[in-house]
Amino acid sequence: MYLKNRKSLLHFNIFGLLRPDPKTEYNQQLVRATNLLCSTLRYMKTLRTGLLEPNVLHFQPYGAQMVDAYPLDMSQYHRVFNTTRIPGQGRDELFTNEKGRHVLVMRNGNMYVFDVVDRDGNLLKPTEIQAHLNYILTDLTPAPAFPIGILTSENRDVWAELRDKLVNCGNTDNLRLVDSAVCCLCLDDASMKKGDDMLHSLLLTNGCNRWLDKSFSLHVSKSGEAGSCMEHSWGDGMTMADIVEKIYKDSTEQPQVHPGSVAAAVDSASAVHQLQFNLDSVLKNGIKKANDNFDLHVSQLSIDFMIFGKGGKETMKKNNLSPDSMAQLAFQMGFLRMRGQTVPTSESCSMARFKHGRLEIIPSATTYTKQCSNAFVCQRDQHSVQQLKAMLYQCSRYHRQLVKEASMGQERAYHPSTTISSN
């Protein structure tokens with residue numbers, strides 16, 4: 001499904017914004033990038049030594065731990081590191097080389113690599129990683145006139161043709177280093193403002209400081225905001241959310257470097273290698289077109305958000321309401337308020353209870369959500385508080401049932417009495 005789709009990865013890659021480090025002094029670009037990278041490597045080593053605890057799905061979280069509990073498939077996790085999606089004509093392929101011992105770092109459109117694992121499998125010391133990242137951050141090399149990172153945002157067939165051209169121009173070794181890197185760390189020179197500008201910048205920047213084909217990337221701005229991005233074909237959002245949450249927790253609770261840490265006295269100039277690409281006129285023209293297409297895409301993308309401080313997940317749980325069902329209901333109410341109608345909607349559900357399970361679809365718009373949305377939006381003051389609460393609980397109960405059935409691979413014979421019409 002994903003590998004055959006020819007659209008730009010801008011339509012599919014999953015992006016997440018990380019919370020700031022609770023210790024504000026740790027939200028410096030060098031310190032935060034070092035700690036996030038160190039925690040990423042620690043997670044990788046835990047995974048590959050077989051010490052990572054498997055995920056377990058609990059349908060009754062408040063009961064006995066093994067009552068209605070199911071171990072989840074972890075097969076997606078082996079693609080997290082050292083993996084890249086390689087563009088091809090008509091169909092891409094996933095490339096994984098766990099022998100790669102280096103990371104890819106991007107800054108100002110320039111690309112660097114350095115080893116983070118030695119031949120015995122030992123991780124590089126945190127202060128050495130700090131030294132190498134500081135070397136990159138202080139490198140005065142100007143931005144390339146034709147940054148090839150932008151090509152990963154192109155139509156997949158177009159990118160496949162241009163990648164073949166890169167190989168023919170003598171860039172095979174560089175591409176192999178990019179493809180086999182443990183992960184990608186993007187260091188952005190811009191300081192982020194709060195709000196939608198921060199989301200826009202961390203997600204995309206100008207497109208030149210990203211390698212969207214990489215399975216997993218971390219982004220850290222000059223002012224210390226951080227985000228993550230994953231390519232979708234190898235795994236699903238729940239997998240990446242679980243990984244990023246554990247990396248974030250480790251980086252904040254067990255930071256490997258501190259604001260006062262002194263970088264190791266190592267020869268970063270020899271350890272860090274900047275990748276130089278040979279480009280001909282065809283590639284330069286392709287990069288220019290990719291940049292124009294990227295700018296067009298960004299101009300059509302609108303991002304905004306608000307912070308709702310009057311409730312949240314914990315408030316919902318205390319009132320025995322499913323936070324997910326209430327979020328889905330809020331989407332439907334918002335659409336009804338804006339457009340004056342209710343439409344079919346759905347959300348994905350992990351099928352990780354099954355071997356190599358990916359996603360199932362949950363029909364989150366039902367007659368219950370339609371009735372509840374109309375009551376809150378179109379029939380204001382026509383129902384008592386008790387009646388409105390009853391509708392909310394009914395939506396929550398039914399949504400939980402749908403989620404359980406979807407995750408267990410059970411089929412439901414949907415009919416007009418349970419879901420809204422598609423008309």
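Buried residues have under 20% relative accessible area, exposed residues over 50%, and partly exposed residues lie in between (1.4 Å probe, protein chains only). Ala 330 is partly exposed, because its relative accessible area is 45%. Ala 330 is placed in helix 10 (residues 323-339). Helices (H or I, at least four residues) and strands (E, at least two) are DSSP runs, numbered from the N terminus. Ala 330 and Tyr 43 are separated by 287 residues in sequence and by 36 Å in space, C-alpha to C-alpha.

The model is predicted: local features need pLDDT of at least 70, side-chain atom pairs count only at pLDDT 80 or more, and totals for chains, interfaces and linings use all residues. Residues are numbered from 1 along each chain as its sequence is written, and side-chain values use heavy atoms, with hydrogens and water left out.

Helix 1 covers residues 29-48. The expected span of a helix is 1.5 Å times one less than its number of residues. The 20 residues of helix 1 should therefore span 28 Å, and the end C-alpha atoms are 28 Å apart, in agreement. Helix 1 is mostly covered, with 15 of its 20 residues buried. Gly 50 follows helix 1 and has a positive phi, near 75 degrees.

His 232 occupies the loop between strand 10 (226-230) and helix 6 (237-253). With a relative accessible area of 11%, His 232 is buried. Its side chain makes a polar contact of 3.3 Å with that of Tyr 2. A polar contact is a pair of N or O atoms within 3.5 Å; within protein, one must be able to donate a hydrogen and the other to accept it, and residues adjacent in sequence count only if both atoms are side-chain atoms. Beyond neighbours within four places in sequence, His 232 is in contact (heavy atoms within 4.5 Å) with residues including Phe 12, Asn 13 and Arg 358.

The structure holds 5 aromatic pairs. Rings of Phe, Tyr and Trp (its six-membered ring) pair if their centres lie within 6.5 Å; planes under 30 degrees apart count as stacked, over 60 as edge-to-face and the rest as tilted. Trp 159 and Trp 211 pair edge-to-face, at 5.9 Å centre to centre and 80 degrees between the planes. Both Trp 159 and Trp 211 are buried. Tyr 368 and Tyr 398 also form an edge-to-face pair, at 5.0 Å centre to centre and 80 degrees between the planes. Tyr 368 lies in helix 11 (residues 367-377) and Tyr 398 in helix 12 (residues 385-407), so the pair ties together parts 30 residues apart in sequence.
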